[in-house]
Amino acid sequence: METHFLFKIVTQKPIDISIPEGPMLKYPVHEHYMVEAKEIVVIYKAKLTKRTAENVDAYINYLKGYLKSRYKAYSVEFGQLQSQLAQTPKK
């Protein structure tokens, strides 16, 4: 049986900011920066073996770690495709 896993990956990259000097004098800070966050949705399809199906939580944790490393992600969230489709409003 084919299984579908949905992963939401959030990546960040710094963006250049230039705040005018006036407000910076009025509201001083020691350090400041901004980051741009992007959300990527990955759907993973697989036919799991019996052994993997019995240890599906460990396999999901492995995939989350792999995706976090691969995308240099800030966070990786797991969800099942069926639950995501159930939340989608019908037209």
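View 1. The structure is a predicted model, in which the protein has an average pLDDT of 85 and 88% of the residues score at least 70. Confidence is highest in helix 3, at 94, and lowest in helix 4 (residues 81-87), where the mean is 57. Where pLDDT is low, the predicted coordinates should not be read in detail.

View 2. The antiparallel pairing of strand 1 with strand 2 extends over 14 bridges, and valine 10 has glutamate 39 of strand 2 as its bridge partner.

**View 3. The largest nonpolar core.** This core contains 9 residues in all, namely Phe5, Phe7, Ile9, Val42, Ile60, Leu63, Leu67, Ala73 and Val76. At least two residues of the core come from strand 1 (2-15), and at least two from helix 3 (56-71). One of the core residues, Val42, touches Phe5, Leu6, Phe7, Ile9 and Tyr71 when residues up to four places away in sequence are not counted. In soluble globular proteins, nonpolar side chains tend to be buried together.

**View 4. The surroundings of threonine 11.** Threonine 11 belongs to strand 1 and has a relative accessible area of 15%, which means that this residue is classed as buried. With neighbours within four places in sequence left aside, threonine 11 is in contact with Glu36, Ala37, Lys38, Ile40, Tyr71, Ala73 and Tyr74.

View 5. The model contains 5 aromatic pairs. One of them joins phenylalanine 5 and tyrosine 44 in a stacked arrangement, with 6.3 Å from centre to centre and 10° between the planes. Because phenylalanine 5 lies in strand 1 and tyrosine 44 in strand 2, the pair ties together parts that are 39 residues apart in sequence. Phenylalanine 5 is buried, at a relative accessible area of 1%, whereas tyrosine 44 is partly exposed, at 26% relative accessibility.

Notes: Residues are numbered from 1 along each chain as its sequence is written. This is a predicted model: local features need pLDDT of at least 70, side-chain atom pairs count only at pLDDT 80 or more; totals for chains, interfaces and linings use all residues. Side-chain values use heavy atoms; hydrogens and water are left out. A nonpolar core is a set of buried Ala, Val, Leu, Ile, Met, Phe, Trp, Tyr and Cys residues joined through side-chain atoms within 4.5 Å. Buried means under 20% relative accessible area, exposed over 50%, partly exposed in between (1.4 Å probe, protein chains only). Helices (H or I, at least four residues) and strands (E, at least two) are DSSP runs, numbered from the N terminus. Contact means heavy atoms within 4.5 Å. Two strands pair if DSSP finds at least two bridges between them. pLDDT is the predictor's confidence in each residue, from 0 to 100. Rings of Phe, Tyr and Trp (its six-membered ring) pair if their centres lie within 6.5 Å; planes under 30 degrees apart count as stacked, over 60 as edge-to-face and the rest as tilted.
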